[in-house]
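Visitor: I would like a close look at one part of this model, then its surroundings. Please keep it brisk.

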Amino acid sequence: MSDLLNIAGKSYQSRLLVGTGKYQDFKQTRAAIDASGAEIVTVAIRRTNIGQTAGEPSLLDFLPPDQFTYLPNTAGCYSADDAVRTLRLARELLDGHTLVKLEVLGDPNTLYPNMIETIAAAKVLVKDGFDVMVYCSDDPIMAKQLEDIGCCAVMPLASLIGSGMGILNPWNLQIIIANANIPVLVDAGVGTASDAAIAMELGCQGVLMNTAIAAARDPIQMAGAMKKAVEAGREAYLAGRMAKKLYSASPSSPTTGLIS
Amino acid sequence: MQLTINGKARDFAVTQLTVAELVLQLSLEGKRLAIERNGEIVPRSQFANTQLAAGDQLEIVGAVGGG
């Protein structure tokens, strides 16, 4: 199937993007990502442990950057300045890599995005040559402004980060998708496979998730479920669903030839 | 000289220190990392010829698991 996800000039087979946090260990992280089929994986940028055991393994040993497309994020940043600084460090860390996930949070309890700071950071990053995939509220006007700034993808939340509450406002998502000329991906809030399928059926170009897989009882099995859900949802979207009707006088079986 | 590394003050019993030497002293050689000195990124290619000064603020970061 040649239905590829195109982001910032590169094509991907998988429309499922996954995070690498909250797993038991790096081995489980890798196994879950393999089961998900994801090609794009998010990573966080954090201070290196100093004085720890020199030979301790790192995430990159388990997810070699030549096998996956890294999407460094700005998780934990509450200002545009911190987000920009973090991603400039990420670019240096990953040898000039420009594809990034911008997220600027507004509140530590809900992790809801601060869109004013997000927009300010997006402007700086785009000008600085980054390909910015941006986590945002499901506000169609904000999404459009981020597109106009030059972001390469908008990623509205389905519901709050880590909540697993699923898609709370499919109507806003549909407006964002209808108005967008860049890929729209759902980021955050997916709880189980049906949520991912619904996002794709609405016309999202992809889904980004972390906790839904990592916090499942069996993360590896859930990763496989999410892979199928994203594929199924995408195919259903492409196939074009039947119209919804409250009732139908058109049964699926012939209305003639009944015994009497 | 005293440097602040990742928010913590550290003393080094030398008067001259390059970023490359610091990386060795911290047993971070060979690790994939990025370094910011007083708010400016030091490119990896410049580690060997970037001299640190007492009071420098350094951030040394790497990639970790995250969503």
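Is A:Gly206 buried or exposed?

Guide: A:Gly206 is buried, at a relative accessible area of 0%. Buried means under 20%, exposed over 50%, and partly exposed in between, with a 1.4 Å probe and protein chains only.

This is a predicted model: local features need pLDDT of at least 70 and side-chain atom pairs pLDDT 80 or more, while totals for chains, interfaces and linings use all residues. Residues are numbered from 1 along each chain as its sequence is written, chains are lettered from A and ligands numbered from 1 in the order written, and side-chain values use heavy atoms, without hydrogens and water.

A:Gly206 sits in strand E10 (residues 206-209) of chain A. Strands (E, at least two residues) and helices (H or I, at least four) are DSSP runs, numbered from the N terminus. Leaving aside residues up to four places away in sequence, A:Gly206 touches A:Arg15, A:Val184, A:Leu185, A:Val186 and A:Met200. Contact means heavy atoms within 4.5 Å. A:Pro183 is 23 residues from A:Gly206 along the chain, and their C-alpha atoms are 8.0 Å apart.

Now to the helices. The axes of H7 (residues 193-201) and H9 (residues 219-239), both of chain A, come within 7 Å and cross at roughly 25°. That makes H7(A) roughly parallel to H9(A). Angles under 35 degrees count as roughly parallel, over 145 as roughly antiparallel, 65 to 115 as roughly perpendicular, and the rest as oblique. Axes are lines fitted to C-alpha atoms, for helices over the stretch in contact, with angles from 0 to 180 degrees between N-to-C directions. On the H7(A) side, the contact residues are A:Ala193, A:Ala196, A:Ala197, A:Met200 and A:Glu201. A:Met200 also touches A:Gly206. H9(A) contributes residues including A:Ala225, A:Gly233 and A:Tyr237. The H7(A)–H9(A) contact has ten nonpolar, one polar and two charged residues. Ala, Val, Leu, Ile, Met, Phe, Trp, Tyr, Cys and Pro count as nonpolar, Asp, Glu, Lys and Arg as charged, and the others, Gly among them, as polar.

Another helix pair is H4 (residues 115-127) with H5 (residues 140-149) of chain A. Their axes come within 9 Å and cross at roughly 15°. H4(A) is therefore roughly parallel to H5(A). Contact residues include A:Met115 and A:Ile119 of H4(A), and A:Met142 and A:Leu146 of H5(A). By class there are seven nonpolar, two polar and one charged.
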